[in-house]
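I opened my notebook for a friendly look around this one. Here is the structure I had on screen.

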Amino acid sequence: MGCSWQQEDPEAVMAQPSKPVYSAEIKRPEYPIIRTPKGARELDLETPLRCFVNWNTQQMISTIPYNVMAFNMVRNGTNDVLPRFEVTGFSFETMPAEKALRKLTKEAGIKLVAKDAPYASISAENLRGEFSEVVDMITEAAEVYYTYNAANKTLRISRKANFSLYVPQSRPILLAILDVLRGAGITDFTADFDDYTITFDADYELKNQVLNLINYFEENPVLVAFDVKVFTIYPYNNQDIAWQNMINMFDYGTVKSAKNGVLGRILTTSDDINIGTLNAFVGSQAKIEAVAEGKFVVPNLWFSRFDIGKCANTSSMETDLSILAKTSFEQNNKIFTKITLEAKDGEITQFDIRSKLGENFLIIGIPNAIFGVDKPKSETIVFMVPRIIRTLKTSKHLEKNM
């Protein structure tokens with residue numbers, strides 16, 4: 001920080017000897033940056049559930065029963081009962097919710113704390129009823145939550161509250177919920193894999209979204225599960241992979257379709273192309289490195305996200321790669337799928353594709369220059385096998401579904 005002085009009279013400046021200009025520099029003390037050790041940060045209880053695929057025993061269609069009472073969302077924390085008295089004729093016009101509540105609570109001798117005001121402006125005329133009922137009407141209209149502490153007579157309001165969602169004791173269903181939350185861009189949650197709960201902070205919009213997801217299982221008991229394998233391939237002699245040779249290597253009709261994206265192509269194939277035959281074909285032209293394998297679950301007509309980094313080595317160039325998928329399971333065992341590949345800088349490419357149950361997806365032609373790696377020449381390929389899971393509601397007690 002520098003300091004200087006100026007004279008208003010220029011002749012006075014000439015008549016006097018020049019004065020030194022003083023400056024002061026303020027230095028902040030330097031503290032070492034302390035972080036949680038890498039080993040602790042990388043501990044992920046989801047990995048054993050997410051990052052293993054048995055490619056030899058894949059069921060194309062399976063059924064998972066779940067208890068009808070299994071889905072339950074509860075709000076966490078303590079909330080004392082509000083004082084009991086009648087409100088008669090409480091009115092206000094176009095007023096932020098916190099001001100309306102302050103006007104109401106002041107008469108009751110209750111302190112109001114608005115955590116993240118201002119809130120939506122609302123109007124009301126001649127509200128009547130129990131004090132708690134009127135508070136409920138105002139907070140619901142403004143889409144905010146409240147808690148009351150009777151000991152110090154304080155009412156706190158905020159846009160978000162903490163919830164726990166109890167899900168059926170089924171790993172595929174738990175994965176489906178986690179993947180849908182991520183598909184909606186929600187990543188700040190904690191999953192308990194022992195009691196099958198997901199805890200998160202939610203505003204009204206997110207809470208309603210989760211409730212809609214719960215209701216979905218009542219009406220649309222179909223999930224599409226994807227088993228995924230990601231490879232990096234390094235072509236020999238720096239040459240492009242001759243994918244056309246696949247047509248000659250396999251029987252005609254093994255590759256059902258090929259569709260272009262903004263970048264790369266997606267092939268639908270019969271199950272003659274699997275992990276083993278794919279390795280044999282590509283291995284004749286390139287060095288293959290397995291990046292990651294895992295699975296994610298997409299409820300019918302919902303978006304789900306699979307973050308490759310959850311199942312990949314942290315040094316892999318594809319760590320920031322994600323697969324975003326939306327599926328629609330149609331009649332005659334047909335699946336319409338929208339697949340998007342994303343990196344930390346945004347969308348890489350996108351495909352819309354219709355396939356039959358029993359057909360696989362193979363995404364090719366993604367140069368790793370997209371991840372900032374130009375040399376040696378390399379590509380990323382993604383192999384995906386869709387499977388159908390039907391959920392069956394029952395009133396019987398069920399053991400944990402593995």
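At what angle do the axes of helix α4 and helix α5 cross? I kept in mind that this is a predicted model. The axes of α4 (residues 97–108) and α5 (residues 131–142) cross at roughly 170° and come within 10 Å. Anything over 145 degrees counts as roughly antiparallel, so I noted α4 and α5 as roughly antiparallel to each other.

Next I looked up who makes the contact. From α4 I listed Ala97, Leu101, Leu104, Thr105 and Ala108; α5 brings Phe131, Val134, Val135, Ile138, Thr139 and Ala142. Sorted by class, the contact has nine nonpolar residues, two polar ones and no charged ones.

Then I turned to Leu127, which sits in strand β5 (residues 121–130). Is Leu127 buried or exposed? Its relative accessibility is 14%, so I wrote it down as buried. Beyond its sequence neighbours within four places, Leu127 touches Val134, Met137 and Ile138, and also Val87, Thr88, Gly89, Phe90 and Phe92. Between the C-alpha atoms of Leu127 and Ile138 I noted 9.7 Å, with the two residues eleven apart along the chain.

Last, the cores. The largest nonpolar core has 37 residues, and Phe71, Leu165 and Phe217 are among those with the most contacts inside it. Elements that each supply at least two residues include β1, β8, α6 and α7, and α6 gives the most, with eight. I also checked Phe71: leaving out residues up to four places away in sequence, its contacts include Tyr66, Tyr166, Pro168, Ile177 and Phe217. A second, separate core has 34 residues, including Val224, Val230, Leu341 and Ile366.

Terms used. Residues are numbered from 1 along each chain as its sequence is written. This is a predicted model: local features need pLDDT of at least 70, side-chain atom pairs count only at pLDDT 80 or more; totals for chains, interfaces and linings use all residues. Side-chain values use heavy atoms; hydrogens and water are left out. A nonpolar core is a set of buried Ala, Val, Leu, Ile, Met, Phe, Trp, Tyr and Cys residues joined through side-chain atoms within 4.5 Å. Buried means under 20% relative accessible area, exposed over 50%, partly exposed in between (1.4 Å probe, protein chains only). Helices (H or I, at least four residues) and strands (E, at least two) are DSSP runs, numbered from the N terminus. Contact means heavy atoms within 4.5 Å. Axes are lines fitted to C-alpha atoms, for helices over the stretch in contact, and angles run from 0 to 180 degrees between N-to-C directions. Angles under 35 degrees count as roughly parallel, over 145 as roughly antiparallel, 65 to 115 as roughly perpendicular and the rest as oblique. Ala, Val, Leu, Ile, Met, Phe, Trp, Tyr, Cys and Pro count as nonpolar, Asp, Glu, Lys and Arg as charged, and the others, Gly among them, as polar.
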